[in-house]
Amino acid sequence: MKRPAPRQPLRFSTQTLLLQLGVVLLVVLLSGAVHAWLTYERLGREAESQALTLARTVASDPTVRREVQAISREAGTPPASVLLTGPLMAAAEGARTRTGALFVVITDETGLRLAHPDADRLGEKVSTDPSEALSGKEVTTRNTGTLGPSAGAKVPVFGPDSDTVVGEVSVGYSTESVVQSLARDITPIALTAAGSLLAGILASFLLRRRLQRLTLGLEPEEISTLVHDQVAVLQGVDDGVIGVAADGRISVFNAAAQRLLDQPDLAGTPWEQAPVPEQLKALTRPDAAEADAVEVISGARVLVASARKALHRQEDLGWVVMLRDRTELQHLTRQLDAVGTMSTALRAQRHEFANQLHTIAGFMSIGQHQQARDYLARLAATGPLKFPVDQAELLQDPYLQAFVGAKGVEADERGVTLRIGPETLVRGQVTEPQDVTTVLGNLIDNAVNAAVAGSASDRWVEVELLDEPGPDGGTLHIVVADSGDGLAPETATAGAEAVFAEGFTTAARPARAGGGQGLGLALARQLARRRGGDVSVLDPGSPGGPGAVFMATLPRTTADLPGRDKPIGKDSFIGKDRDG
């Protein structure tokens, strides 16, 4: 037998709606009942007051006082037929008829009826206790007598010439008439209650819709799970996450984003006013393409940023900006480029070295021993490996020799001569090859690009390096010049600092998002400044050449070698012989 499907529990918003409707209905019913009860009590008190007034009026009538006293002095009570036609009956019935009372009853001092709407009850004992009125007190009552439930009053009747109580007058108004009056007054109460109930129902539905909109239709358990997941994910990943709500305020700024952007928690800050790079804000603007990622420099970090629109059931929730740290990858890329460049150069030099060995072997095989010795002497003078770098012998540091030599091979393949400035002197040893690679490699690559794009027929790049000792490590000074056409006119107009803006490139192709172009100079300057140095433009150059001159200062990148005792000045940098 097929088991019945489990009953699905009501949604939280539905439960909330039903609870609100129940509360509203209960409040309206209680309010209506209390109001009806208060109205009933008010009508009852009004009936008692009216009965008391009528009883006083009848009890103070001289005829009634005289007749009641006369009957009270007799030995017995007159028969019912006499009472029915007597003046007391006429006075009581006349008052009852005029006022619409249920009854007007007159008794003697013992409580026997002398006047009553029901003739059969004349001469009988009253059904309710008359003792308080016969003792001289006025009382109001609500009880049930022979004529039904009533609200009334009892008033003593005094003799016409004394303060002696000779009887009492009892007046009552039917409770049913009070209920009828209440029925007339209850209509506005019912209408008010119905209106309140409808207003409460409408407010409950509106509140339910707002609750669903605010919670995106999620149940409390789902919201709790999402909160736990959000904390676990946002705080457990190394990627920066920035949430921008639909109203333009930052809703999420996780710890990784704070670390990568070097900012405190910016949650609640308007996105357009947040102290973050402008490229990040541009990603969330209407004209931005969601698929594009951009590289952003923040401090000494290279970040890759992308943005995605956040939607939930077609509802726009804002943007999510993702930040990934590519600083180490950039450094590794630079190192790999340097290694690849040197590897290519070494392969070329190995081929050249093999040719040299074949030449020597040829001399030996034909007996030209003197020519072989002369050839070996020339090789020893220039070194076993010859890079296409003019005056490469000025570089004493093996790392700089290898790196600049490898760059010379690349430049030579593009028709550019790389040469070392005559004032170059590096007597220390490079201790931070990674930073030196990044800065020197960027400057040389940009210079080679500028030389290739320049109009001069003699294409060259000149590098001059000096190191200066310091208590915490030597400072490496780098100056790079080229034969290009200098900075573009629009760049020169905007100022030399424009070349250090993210996106600036000397490459023939424009910088593309995420491609690593347009970041070299900005990254080099950020890296140098992090070390306490700088990268700047010494000379913007001129059309037709020579080109721009860049200078970099890298503190704490070299170590002194034994025997060094004289500081090196900086007044011999390139500028004397830039025309080649």
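Which residues of the largest nonpolar core touch the most other members? Among its 38 residues, these are Leu440, Leu443, Val461, Leu465, Ile478 and Phe550. A nonpolar core is here a set of buried Ala, Val, Leu, Ile, Met, Phe, Trp, Tyr and Cys residues joined through side-chain atoms within 4.5 Å; buried means under 20% relative accessible area, exposed over 50%, and partly exposed in between, with a 1.4 Å probe and protein chains only. The model is predicted, so that local features need pLDDT of at least 70 and side-chain atom pairs count only at pLDDT 80 or more, while totals for chains, interfaces and linings use all residues. Residues are numbered from 1 along each chain as its sequence is written, and side-chain values use heavy atoms, with hydrogens and water left out.

Helices (H or I, at least four residues) and strands (E, at least two) are DSSP runs, numbered from the N terminus. With eight residues, α13 gives the most to this core. A second, separate core has 29 residues, including Val58, Leu88, Ala95 and Leu122.

Beyond residues up to four places away in sequence, Phe550 touches Leu443, Ile478, Val479, Val480, Leu487, Val499, Phe500, Leu521, Ser536 and Val537, where contact means heavy atoms within 4.5 Å.

Strand β12 (residues 417–420) pairs in the parallel sense with strand β11 (residues 389–390) over two bridges; two strands pair if DSSP finds at least two bridges between them. Asp390 has Arg419 in β12 as its bridge partner. Four bridges, again parallel, link β12 to strand β14 (residues 460–468), and Leu418 stands opposite Val461 in β14.

Strand β6 (residues 240–244) is largely enclosed by the rest of the structure, because five of its five residues are buried. Gly240, Ile242 and Val244 cover one side, and Val241 and Gly243 the other, all of them buried. Five bridges join β6 to the antiparallel strand β10 (residues 315–325), with Gly240 opposite Leu323. Three bridges join β6 to strand β7 (residues 250–253), also antiparallel, and here Gly243 stands opposite Val252. The hairpin of β6 and β7 has five residues between the strands, and in it Gly248 takes a positive phi near 90°.

Glu132 lies in helix α5 (residues 131–134) and counts as partly exposed because its relative accessibility is 44%. Leaving aside neighbours within four places in sequence, Glu132 is in contact with Lys137 and Val139.
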